[in-house]
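I opened my notebook to go through this structure piece by piece. Here is what I looked up, in the order I looked.

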Amino acid sequence: METALMIRQASLTRLGSMLNTAVGNSKKPANGEIQWCFSQVKGTLDDEITEADIISCVEFNHDGDLLATGDKGGRVVIFQRDPVSKTSVPRRGEYNVYSTFQSHEPEFDYLKSLEIEEKINKIRWLRRKNPAHFLLSTNDKTIKLWKVSERDKRAEGYNLKDEAGELKDRGVLTGLRVPVLKPMELMVEASPRRIYANAHTYHINSISVNSDAETYLSADDLRINLWHLDITDQSFNIVDIKPANMEELTEVITAAEFHPTDCNNFVYSSSKGLIRLCDMRMAALCDRHAKLFEEAEDPANRSFFSEIISSISDVKFSRSGRYMLSRDYLSVKVWDLHMETKPIETYPVHEYLRTKLCSLYENDCIFDKFECCWGNNDQAVLTGSYNNFFRMFDRTTKRDVTLEASREIARPKTTLKAKKICSGGKRKKDEVSVDSLDFNKKILHTAWHPTENIIAVAATNNLFIFQDKF
């Protein structure tokens with residue numbers, strides 16, 4: 001009897017020890033949700049904001065060590081993860097400025113009397129093959145391939161030049177010297193390697209690098225072109241939805257992306273709320289799609305604004321390539337590539353705005369293009385909203401949370417508190433009224449680290465970086 005009691009007591013002691021260890025090591029609360037905390041904010045928090053400083057795209061590279069942003073002034077700023085924060089226990093997501101360069105300048109099309117903005121619409125990283133990094137950036141008309149490289153050594157001891165770089169008098173040369181490499185302060189150089197221009201009549205909204213690492217696509221309102229990275233003066237038109245008579249135009253292309261592993265497949269979304277998957281093996285011109293993803297509209301929800309709010313502003317393949325994520329004005333949807341008739345999951349982002357569509361139409365907010373992104377393990381999705389709110393949805397637990405990127409939480413390790421929106425009736429103390437939302441503050445661009453719980457959120461001219469609590 002005593003032996004049984006001793007065994008039971010020992011088992012309980014071991015179990016208690018295991019539980020204490022698990023609780024001590026876990027970063028998640030008891031319900032399994034991630035607790036997000038503030039890590040950094042980039043950009044000034046002043047009230048005065050210049051148009052050129054507004055962030056227009058955010059993108060992590062494939063290992064998450066670099067984070068690039070583009071702005072309306074045509075600049076690209078690259079942040080590099082602090083090596084100490086990467087190896088610390090627990091790991092932290094701290095990024096410092098690595099390189100800043102002017103990617104695009106304002107231009108003028110004299111044939112069409114049209115100004116071409118310098119605003120960076122999209123940035124896409126190429127997979128790394130050597131010590132240098134390569135990325136594609138685009139404005140409305142021109143795509144550029146940039147090489148970002150480091151230099152920490154310089155050559156000294158030239159035969160024909162002195163140390164100032166001036167040519168020597170060859171008559172006084174008496175012997176040959178062997179140049180040597182000497183250490184110097186680290187320099188990061190960004191140089192344009194290719195310029196892909198004059199291929200789009202309409203504004204470019206998407207670029208996507210193929211998994212073959214040799215080609216990429218670029219999409220505008222009516223056409224999608226396929227490029228080879230080494231060829232700048234020729235591209236292949238693979239989708240053309242322009243009608244013979246422009247008065248018959250019923251939809252435009254809103255986003256396009258290559259499949260992460262199948263180099264022959266890509267998808268593009270439209271203003272009609274459709275997603276078409278195309279297979280380049282079927283024909284040179286992908287006028288006929290291989291699959292069409294569409295959700296039938298509920299007649300009960302039909303209204304004057306139905307077509308506008310059903311337009312898809314972004315589409316993203318999951319990291320595994322099995323699913324797709326699409327964002328329309330009021331919701332995000334998860335699609336299974338094996339089921340075209342309806343999404344397998346639908347998450348309302350700000351359903352409380354459905355009653356305010358008329359005023360949103362009048363102030364043009366209804367045409368805002370919100371992006372969306374997958375979590376690092378495809379089990380969560382992230383997208384933005386108004387009032388500097390952003391929304392996260394856990395696909396496993398079906399829980400969702402509304403968080404805010406604001407200067408009030410811009411203190412190290414500050415835990416983000418969930419926000420609750422009151423759409424009518426009596427408002428509780430901790431709730432935010434729909435009528436008090438600021439529609440000039442909006443989270444359009446978000447990015448999630450490919451392997452860790454680190455997210456980057458663009459709030460006007462500020463880049464907020466959050467991570468799981470450490």
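**Entry 1: a covered strand**

I started with Phe266, whose bridge partner in β18 is Cys278. Before going on I noted that this is a predicted model, where local features need pLDDT of at least 70 and side-chain atom pairs count only at pLDDT 80 or more, while totals for chains, interfaces and linings use all residues. Residues are numbered from 1 along each chain as its sequence is written, and side-chain values use heavy atoms, with hydrogens and water left out.

For the names, I kept in mind that helices (H or I, at least four residues) and strands (E, at least two) are DSSP runs, numbered from the N terminus. Two strands pair if DSSP finds at least two bridges between them.

Strand β17 (residues 265-270) pairs with β18 in the antiparallel sense, over five bridges. The two form a hairpin with four residues between them, and Gly273 in the turn has a positive phi of about 85°. β18 also pairs with strand β19 (residues 291-293), antiparallel over three bridges. There I found Ile275 opposite Phe293.

Is β18 mostly covered or mostly open? Mostly covered: five of its five residues are buried (buried is under 20% relative accessible area, exposed over 50%, partly exposed in between, with a 1.4 Å probe and protein chains only). I jotted down a reminder that side chains in a regular strand alternate between the two faces of the sheet. In β18 both faces are covered, with Ile275, Leu277 and Asp279 on one side and Arg276 and Cys278 on the other.

**Entry 2: salt bridges**

Next I looked for salt bridges, meaning a side-chain nitrogen of Lys or Arg within 4 Å of a carboxyl oxygen of Asp or Glu. By that rule I get 27 of them.

Arg276 is in strand β18 (residues 275-279) and Glu251 in the loop between β15 (236-240) and β16 (253-258), so the pair ties together parts 25 residues apart in sequence. Arg276 is buried at 13% relative accessibility, and Glu251 is buried at 12%.

Arg91 and Glu452 also meet through their side chains, at 2.5 Å from N to O. Arg91 sits in the loop between α2 (83-87) and β5 (95-102) and Glu452 in the loop between β30 (445-448) and β31 (454-459), so this pair ties together parts that are 361 residues apart in sequence. Arg91 is partly exposed at 38%, whereas Glu452 is buried at 15%.

I also noted Asp435 with Lys356, their closest N and O atoms being 2.9 Å apart. Asp435 is exposed at 63%, and Lys356 is partly exposed at 25%. Asp53, Asp71 and Arg75 are linked in a network of salt bridges.

**Entry 3: a four-stranded sheet**

Which order do the strands of the open sheet follow? I read β12-β13-β14-β15, with antiparallel pairing. β12 (206-209) and β15 stand at the edges with a single partner strand each, so one side of each is left without a neighbour in the sheet. Inside the sheet, β13 (residues 215-219) and β14 (residues 223-228) pair over five bridges, in the antiparallel sense. One of the facing pairs is Thr215 with His228 in β14.

**Entry 4: the second largest pocket**

I then turned to the second largest pocket. On a 1 Å grid over the protein atoms alone, a pocket is an open set of points with protein on both sides within 12 Å along at least five of seven lines, and lining residues have an atom within 4 Å of a point.

How many residues line this pocket? I count 45, of which Glu59, His62, Trp125, Arg127 and Val209 lie nearest its centre. β2 gives the largest share of the lining, four residues.

The peptide bond from Val89 to Pro90 is cis, with omega near -5°. Pro90 lies in the loop between α2 and β5.

Asn387 has a positive phi of about 65° although it is not a glycine. Asn388 also has a positive phi, near 60°. I placed Asn387 in the loop between β25 (380-384) and β26 (389-394), and Asn388 lies in the loop between β25 and β26. Asn387 is buried at 13%, and Asn388 is buried at 10%.

Definitions and conventions. On a 1 Å grid over the protein atoms alone, a cavity is a set of points where a 1.4 Å probe fits but cannot get out, and a pocket is an open set with protein on both sides within 12 Å along at least five of seven lines; lining residues have an atom within 4 Å of a point.
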